[in-house]
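Let's take a walk through this protein together, one stop at a time. Have the sequence and the 3D view open side by side as you read.

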Amino acid sequence: MAITVPRRQLFIGGQWTEPVRRKTLPVVNPATEDIIGYIPAATSEDVELAVEAARKAFTRNNGKDWAKASGAVRAKYLRAIAAKVIERKSELANLEAIDCGKPLDEAAWDMDDVAGCFEYYADLAEGLDAKQKAPLSLPMDTFKGYILKEPIGVVGLITPWNYPLLMAVWKVAPSLAAGCTAILKPSELASLTCLELADICREVGLPPGVLNILTGLGTEAGAPLASHPHVDKIVFTGSTTTGSSIMTSAAKLVKPVSLELGGKSPIIVFDDVDIDKAVEWTMFGCFWTNGQICSATSRLLVHERIADEFLDRLVKWTKNIKISDPFEEGCRLGPVVSKGQYERVLKFVSNARNEGATVLCGGTRPEHLKKGYFVEPAIISNVTTSMEIWREEVFGPALCVKTFSTEDEAIELANDSQYGLAGAVLSNDLERCDRVSKAFQAGIVWVNCSQPCFCQAPWGGTKRSGFGRELGEWGLENYLSVKQVTQYISDEPWGWYKPPSKL
């Protein structure tokens, strides 16, 4: 399918801006391995310009243009952006699919979620007005107090490539709703739709500098953004290693961070399930978005009583997945995002085999696809808890399997991870599901499903999966600073010190 990739520059201060060093990066279609365009590559000089533009936008007219404007004013812009996303849904979905390899049906669904996220935070921006000056109940009647919620300032938003526009909007929408100004640095592996978001912001007349978008390498643009002294907070989604590096940079300036990092999430399947329904949720939990999901339930724990039958059906269903160019009708698994990711996934499967695991299916290039970064979804059994495939995040279509005999054993295995992003439990016994939900060491739990995500519900993890929450009201709070105001209201003097003699 012939798709024209728009030629864009950096978006700084409401204007398209050529990178100071005039560097570019190629855009590679992962389904064909062809270069289909180029994106600008920002460096530290461009970060300086973007931070300056964001700071000016935050303070312009004493903040009245944005930071201190009513939430209702900001909501109008967010709704206008949402409307433009729906208007350009087909174009944006096509760019997303060709940029990161996501099946077109998924990309179109993502665009609906993008618009919905802007609409949701427009509502919360309006609601913020009513919450200002919320009274405090104080123990002394000579004082009264109230709370102000104020934007935290200029924020740096660093986002991944698996949901290029949606993950960006999870940060952009609440930060703008709160009254912050922002610099967005999307992944260099998939930036096209984020640059189109810049064009949409320009179309709707978003005040200049409120949102700035820098594409480029993490080392050349992301790192200087994270360490910049005039950026008040960094919010990051990506690998645990990079998150740790960002924390280190921020710590030197005592700068707050919110981090949504890696995962190796479990899915527990008990022996009372409808097997076909459970098989499909197991597949969806690991193979959706080509297996490239931080919350992927990629560790299957299946009750030993149904394990043989379950795995037999799981393999048959998995072999039936249509693997193709993302634009082919019915595609349910496209290529992984890059050559590096392709080689990484194949190495994980190879290492698992070398460690003694059994590869029941997949883990290789599909025979009918000679080009592109395609990997058949892998199901790997006979796994031990010391194996790499059990402990490390693959970020590709690879599911490892262990059996269990008791609920306690399943919980122990589920929590046997340095990560704690998500977990799923499948059972017809809802009391058991409730017990397991409470026992999971994770920030997200799914019962009789895997991977549903709604912008109203908080998203984030524990342990090395990071801290802080996105989405819902918690996502808005990420970008707000709480200020208490206390007033002395008595007509009487305070009376702590004796007044000086009047003689």
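Strands here are DSSP runs of at least two residues marked E, and they are numbered from the N terminus. With that in hand, please keep in mind that you are looking at a predicted model.

The UniProt record, an unreviewed entry, puts the feature "active site" at Glu260. Is Glu260 buried or exposed? With a relative accessible area of 2%, Glu260 falls under the 20% cut-off, so it counts as buried. Leaving aside residues up to four places away in sequence, Glu260 touches Phe236, Thr237, Gly238, Cys294, Leu421, Trp459, Gly460, Ser465 and Glu470.

Next, turn to helix H13, made of residues 407-414. Its buried residues are Glu407, Ala410, Ile411, Leu413 and Ala414. Looking down the axis of H13, you will find these buried residues within an arc of 165 degrees, so they line one face of the helix.

Ser324 sits in the loop that runs between helix H10 (307-319) and helix H11 (339-354). Although Ser324 belongs to a loop, its relative accessible area is 3%, and therefore it is buried. Its contacts, again without residues up to four places away in sequence, are Cys331, Leu333, Gly334, Pro335, Leu369 and Phe374.

Thr193, by contrast, is part of helix H6 (residues 192-204). This threonine is buried too, with a relative accessible area of 0%. Beyond residues up to four places away in sequence, Thr193 touches Leu92, Leu95, Glu96, Pro164 and Leu165. Thr193 and Leu78 are 115 residues apart along the chain, and 17 Å separates their C-alpha atoms.

Which residues make the nonpolar patch of about 700 Å²? Met140, Tyr488, Trp494, Trp496 and Tyr497 form it. One of them, Trp494, lies in the segment after strand S22 (480-488). Trp494 has a relative accessible area of 54%, which is over the 50% cut-off, so it counts as exposed.

Terms used
Residues numbered from 1 in each chain as written. Predicted model: local features only at pLDDT ≥ 70, side-chain atom pairs only at ≥ 80, totals over all residues. Heavy atoms only, no water. Patch = residues over 30% accessible without salt bridge, like charges linked within 9 Å, V, L, I, M, F, W, Y side chains within 5 Å. Areas by Shrake-Rupley, 256 points an atom, 1.4 Å probe, with all protein chains shown as cover. Salt bridge = Lys/Arg side-chain N within 4 Å of Asp/Glu carboxyl O. Helix = DSSP H or I, 4+ residues; strand = E, 2+ residues; numbered from the N terminus. Buried < 20%, exposed > 50% of the residue type's maximum accessible area, 1.4 Å probe, protein only. Arc of directions from axis to C-beta. UniProt positions renumbered as here; feature names shortened; annotations may be inferred. Contact = heavy atoms within 4.5 Å.
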